[in-house]
Amino acid sequence: TVIEVTNAALECIDKCGEQYERDHSDEIIERRQFGVDGDDRIDYNAGLPTPFTCRPSLGARLFVRNNTSRFFLTVLGELTNWRAETRLRSAELLLILAVFCEEHLTKDLHRTLNNFAKAIDIELLSHHEHEHLKVFDQIEQVLCLMAKFVDPATYLRLVRPRMTEDSVQMQRSFVVILSSLIKGASFHRLCPHWVELLSLVSSPRCIGAFAGSKVRLEGLKALRTLCHRTESNNVEVVAHFKNYSQHIYLGQAFSTCVDALEELTIDSEEENVLALSKE
């Protein structure tokens, strides 16, 4: 069965990890003594996909990391394969790799996000045809997990220009990427960038009247995701915006957001009036 194969594979990797620890005992001891095994701000045991119940052992993670570079770009490239089943297998493998490689999977984040954007564009165009395979959902799950290990400042530098200067198709894909990253990131890492995130997802290029219906739809979804994250962490938000200068920037961001939503509401009302007049 699938469960038996999965358990056998994990057991095999655990054994490889144990052997790695024996072969590289000095490296293992150094990492454990000096506490360089990850970031204390990240809960590595939370939000792991099936079949993982906790963070893999140090040896297993190092074993997988040291071998991933040999095939990672190939797996990443298969996200845009012409066969939907192949794209699904690629996304599933990337999800497993994210568990073992953690922040090391994001070294070449620029290329990684570009491949994800192309894959998302394919899935959005053929969503109804291959919806039963849930490839899009799997890609979103990979991005959510990767968000645990990447500081928002890193991906905002890459996502911002693609959301505001690129073609409509790539704009839409990068809005989806940002929405998934917002959904998966821990809120204490999102909070320092909250104003920038709000300004970005509520900008005219994202949800404005001339943004295009497809981009605008994904932009509104991203705005809703950010609001939902804020709603469950409002105490932390209030604490973050205590000083006066932060309040100014927050007010400007809210003003931009409200203006964009009001414009959409007016456009929607005008469309309803035109439709009624034609009837």
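Residues are numbered from 1 along each chain as its sequence is written, and side-chain values use heavy atoms, with hydrogens and water left out. Because the model is predicted, local features need pLDDT of at least 70 and side-chain atom pairs count only at pLDDT 80 or more, whereas totals for chains, interfaces and linings use all residues.

**View 1. The largest pocket holds about 340 Å³ of space.** A pocket here is an open set of points on a 1 Å grid over the protein atoms alone, where a 1.4 Å probe fits and protein lies on both sides within 12 Å along at least five of seven lines, and its lining residues have an atom within 4 Å of a point. The volume is the space filled by probe spheres set on the points, which are joined across faces, edges and corners. Of the 14 lining residues, Arg 65, Thr 68, Ser 69, His 104 and Lys 107 are the closest to the centre of the pocket. Helix 3 (58–68) and helix 4 (72–77) each give two or more residues to this lining, and the largest share, four residues, comes from helix 3. Helices are DSSP runs (H or I, at least four residues), numbered from the N terminus.

**View 2. The second largest pocket has a volume of about 250 Å³.** Helix 1 (residues 2–23) supplies the largest share of its lining, six residues. The lining as a whole has eight nonpolar, two polar and no charged residues, where Ala, Val, Leu, Ile, Met, Phe, Trp, Tyr, Cys and Pro count as nonpolar, Asp, Glu, Lys and Arg as charged, and the others, Gly among them, as polar.

**View 3. Helix 5 (residues 84–101) packs against helix 7 (residues 135–146) at an angle of about 20 degrees, with the axes 9 Å apart.** Helix 5 is therefore roughly parallel to helix 7, a term for angles under 35 degrees. Axes are lines fitted to C-alpha atoms over the stretch in contact, and angles run from 0 to 180 degrees between N-to-C directions. The contact (heavy atoms within 4.5 Å) includes Leu 88 and Leu 95 of helix 5 and Ile 139 and Val 142 of helix 7.

**View 4. The axes of helix 11 (residues 194–201) and helix 13 (residues 213–231) come within 9 Å and cross at roughly 155 degrees.** These two helices are therefore roughly antiparallel to each other, the term for angles over 145 degrees. Trp 194, Leu 197, Leu 198 and Val 201 in helix 11 meet Gly 219, Ala 222, Leu 223, Leu 226 and Thr 230 in helix 13.

Note on methods:
Parallel < 35°, antiparallel > 145°, perpendicular 65-115°, else oblique.
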